[in-house]
Amino acid sequence: MLASSKAGHDKNTVYVIIKEETEYVYLADGRLKTLAKPKRKNKKHIQIIKKYPEPEISERIKAGQTDDLEIRKVLKQYRMSITT
């Protein structure tokens, strides 16, 4: 799923949720926050975005079979869909 940051210096930044724990989620954008070093953020500081471009990408992310380039493509597709 996609998530938007509600608090912090990265406010209004859109990320892909990589991993979820009880209190925290791990987010990646493919550029500054990569899959190797995702951003850990408190769940109450993010807004879930239900829209996801392709369900098969979601499955690859859960299985760990994706890369930073694909994350960037997903976020680019989302940004283009909200501007049109």
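Buried means under 20% relative accessible area, exposed means over 50%, and partly exposed covers what lies in between, computed with a 1.4 Å probe on protein chains only. The model on display is predicted, with local features needing pLDDT of at least 70 and side-chain atom pairs counted only at pLDDT 80 or more, while totals for chains, interfaces and linings use all residues. Residues are numbered from 1 along each chain as its sequence is written, and side-chain values use heavy atoms, with hydrogens and water left out.

**Stop 1: threonine 66**

Select threonine 66, in the loop between H1 and helix H2 (68-83); helices (H or I, at least four residues) and strands (E, at least two) are DSSP runs numbered from the N terminus. Threonine 66 counts as buried because its relative accessibility is 17%. Show next the residues that threonine 66 touches, not counting those up to four places away in sequence: Leu35, Arg60, Ile61 and Ile71. Contact here means heavy atoms within 4.5 Å. Leucine 35 is 31 residues from threonine 66 along the chain, and their C-alpha atoms are separated by 8.7 Å.

**Stop 2: helix H2**

Move to aspartate 68, which lies in helix H2. Apart from neighbours within four places in sequence, aspartate 68 is in contact with Gly30, Thr34 and Leu35. A C-alpha to C-alpha distance drawn from aspartate 68 to serine 5 gives 19 Å, for 63 residues of separation in sequence.

Arginine 72 is also placed in helix H2. With a relative accessible area of 28%, arginine 72 is partly exposed. Its contacts, leaving aside neighbours within four places in sequence, are Asp29, Gly30 and Arg31. Leucine 32 lies 40 residues from arginine 72 in sequence and 11 Å away, C-alpha to C-alpha.

**Stop 3**

Select lysine 39 in strand E4 (residues 39-42). Lysine 39 is classed as buried because its relative accessible area is 15%.

Now show the ring of tyrosine 26: lysine 19 lies over its face, 5.2 Å from the ring centre. The criterion for a charge over a ring is NZ of Lys or CZ of Arg within 6 Å of the ring centre and within 35 degrees of the ring normal. At tyrosine 24, the charged end of arginine 40 sits over the ring, 4.0 Å from its centre.

**Stop 4: asparagine 12**

Asparagine 12 is in the loop between strand E1 (2-5) and E2. Most residues other than glycine have a negative phi. Asparagine 12, although not a glycine, has a positive phi of about 70°. Asparagine 12 counts as exposed, at 59% relative accessibility.

**Stop 5: the largest pocket**

Finish at the largest pocket, whose volume is about 220 Å³. On a 1 Å grid over the protein atoms alone, a pocket is an open set of points where a 1.4 Å probe fits, with protein on both sides within 12 Å along at least five of seven lines, and lining residues have an atom within 4 Å of a point. The volume is the space filled by probe spheres set on the points, which are joined across faces, edges and corners. Select Met1, Ile17, Ile18, Glu20 and Lys62, the closest to the pocket centre of the 13 lining residues.

Strand E2 (14-20), strand E5 (46-49) and helix H1 (55-63) each supply at least two residues of this lining. E2 gives the most, with 4 residues.
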